[in-house]
Amino acid sequence: MKNLNSVVTQMKNLNSVVTQSKIQLHNTRNAFKFRSQLPFPTNYYCLYTSCSTGNGRTLTLSFTTNTAVFAQLKTSDNESRINKGKKKNNSTATKIEAPDPGGAPAISGAGSGGDPKIPPPKVDSWRLKGLPKKVLSILSNLPLAIAEMFAVAALMAIGTFIEQGEAPDFYIQKYSENNPILGFFTWKWIFALGFDHMFSSPVFLATLTLLAASLMACTSTTQIPIVKVAKRWSFLQSAKSIRKQEYSDTLPRASIKDLGLILMGNGYEVFLKGPSLYAFKGLAGRFAPIGVHLALLLIMVGGTLSATGSFRGSVTVPQGLNFVIGDVLGPIGFLSTPSESFNTEVHVDRFYMDYYDSGEVSQFHSDLSLYDLNGKEIMKKTIKVNDPLRYGGITIYQTDWSLSALQVMKDDEGPFNLALAPLKTNGDKRLYGTFLPVQNSDSTNLKGISMLARDMQSIVLYDQEGKFAGVRRPNSNLPIEVDGVKIVVLEAIGSTGLELKTDPGVPIVYAGFGALMLTTCISFLSHSQIWAFQDGTAVVVGGRTNRSKGEFPDDMNFLLDQVPELIDSSKQSEIISG
């Protein structure tokens, strides 16, 4: 014990120079260990001592080196295991490292007074363990999340202002360096930041990813712990703790069981434990914020998938012709992957229009047939505006129309197909024209009959001098003579304007919006909690809620008014005898 007292004396001397100490105590089965960081005097010497413990075991303690201490504490049980030849050393050792003020490296001794050795480099594991929590704390910061939402909104506004998916020459001409926007913004910025395809650009996707990370961090650090706490059955065991709630009251003569029945009849989940009662309702309101966050994540995932994994294309096809879907669709993102449906052939069987009484076009239709690689018909459908065809994840929309040709008879010869070309007009109305030669095509001064059409209803004819000759409806089979040439307009052949696209993110976005609306409504449910304690004949009641705090006291009073009052047996007999 004398040596142990010496150690204690030396440790007291060490305490006089301690400037920083971090101690961790751990109990193990046969050993006691501690970890500390202490600065030691540079001229401190080695110590070695041992003593016996109260349970008959031997405790060995050793200190080594002048700038760092290696302490090894082991019992006689451990010593006996070593002596028996076991390879595994079950003794518990704790290294106490304390660099001197001069920054000399810490060294450690080996067990009981061995030579000093330089320890291997170690990583501060406590710092690595705390890193995820720090990152989550930063990401779940509300001002940061709001800033991210504003950044996403600003980028979306820029993507709306700047035309998307145009040819490079378009941006070079419109956003030229000669007339920069705000004095600096030119086509170079658009190409550098990817603003010509904003919603698949790295800037937009990175901002969206950061916002998603903030939502997940908020859910993990705030919403999930709140739900875990709300799900616990917490009984309050004293009237004093119940009176500390937002609402509290006392029923002087009542039974806690009667209160439980009243609460159950009003939609509460009730739990009884001795004289204590706990009840709650509206727990779904606590889960709703998690659902809102998940719904927002779904929307962002679906939008990202739409921007990076879709195909789009458009085509104008005359009636009677066909095309292959894969020849029209083009990828718009790095996740775009073609499917087997791209080999499908689409045939335009017929194109026709509906008109208002004024003669304006009201609707246009396309009869489409789909064929596989073997020429087998897969499906048929008549599409129109707002009524597309869907097949194999591909959607075909009716978006436009034009006139491609006129089919005519000339002096009972033909039929001849005359190609129609769009003509420029001052207004926004369409005009198509064609030309029927009436002289030898080898003539240097070629003349003929001009035909104009605004739609498929009527054709206007002009003679060689450009004078009005008459109007004929297609399919009327009524001949008209112009400059001695008999002409019959058989048919105006239209072309359908189709837009094709694949958008794998649409179902996810729709599901996200549906979940968002549902969970937003659920989030307005109040999570109400009620505690009660039977204190003799009195029942102390308290409660709180997370929403509708102004209405909660009225709801509580309504419930408590329904609890029956207990009457003493003596008073009850007096009432009966009276």
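User: Which residues of α4 are buried?

Analyst: Happy to start there! This is a predicted model, in which local features need pLDDT of at least 70 and side-chain atom pairs count only at pLDDT 80 or more, while totals for chains, interfaces and linings use all residues. Residues are numbered from 1 along each chain as its sequence is written, and side-chain values use heavy atoms, with hydrogens and water left out. In α4, the buried residues are Ala145, Glu148, Val152, Leu155 and Gly159. Buried means under 20% relative accessible area, exposed over 50%, and partly exposed in between (1.4 Å probe, protein chains only).

User: Why are the buried residues of α4 said to line one face of the helix?

Analyst: Seen down the axis of α4, the buried residues fall within an arc of 85°, so they line one face. The arc is taken from the directions from the helix axis to the C-beta atoms. Turned away from that buried side, the other face carries the exposed residues Leu142, Pro143, Phe150, Thr160 and Phe161.

User: Why is the pair of phenylalanine 170 and tyrosine 171 called edge-to-face?

Analyst: A search of the whole structure finds 15 aromatic pairs, and this is one of them, at 5.5 Å centre to centre and 85° between the planes. Rings of Phe, Tyr and Trp (its six-membered ring) pair if their centres lie within 6.5 Å; planes under 30 degrees apart count as stacked, over 60 as edge-to-face and the rest as tilted. The 5.5 Å is within the limit and 85° is over 60, so the pair is edge-to-face. Phe170, Tyr171, Tyr175, Trp187 and Phe191 form one aromatic cluster.

User: What makes the pair of phenylalanine 271 and phenylalanine 280 stacked?

Analyst: Their ring centres are 6.2 Å apart and their planes lie at 15°, so the pair is stacked. Both residues are buried. Phenylalanine 280, in strand β9 (residues 276–281), has 11% relative accessibility and therefore counts as buried.

User: What makes arginine 350 sit over the ring of tyrosine 352?

Analyst: The charged end of arginine 350 is 4.0 Å from the ring centre. The rule asks for NZ of Lys or CZ of Arg within 6 Å of the ring centre and within 35 degrees of the ring normal. Arginine 430 likewise lies over the face of tryptophan 401, at 4.4 Å from the ring centre.

User: Why do β19 and β23 count as edges?

Analyst: Five strands form an open, antiparallel sheet in the order β19-β20-β21-β22-β23. Here β19 (421–422) and β23 (468–472) each have a single partner strand, so one side of each is left without a neighbour in the sheet. Two strands pair if DSSP finds at least two bridges between them. Four bridges join β22 (residues 459–462) to β23, and the bridge partner of valine 460 is valine 471 in β23.

Conventions:
Helix = DSSP H or I, 4+ residues; strand = E, 2+ residues; numbered from the N terminus.
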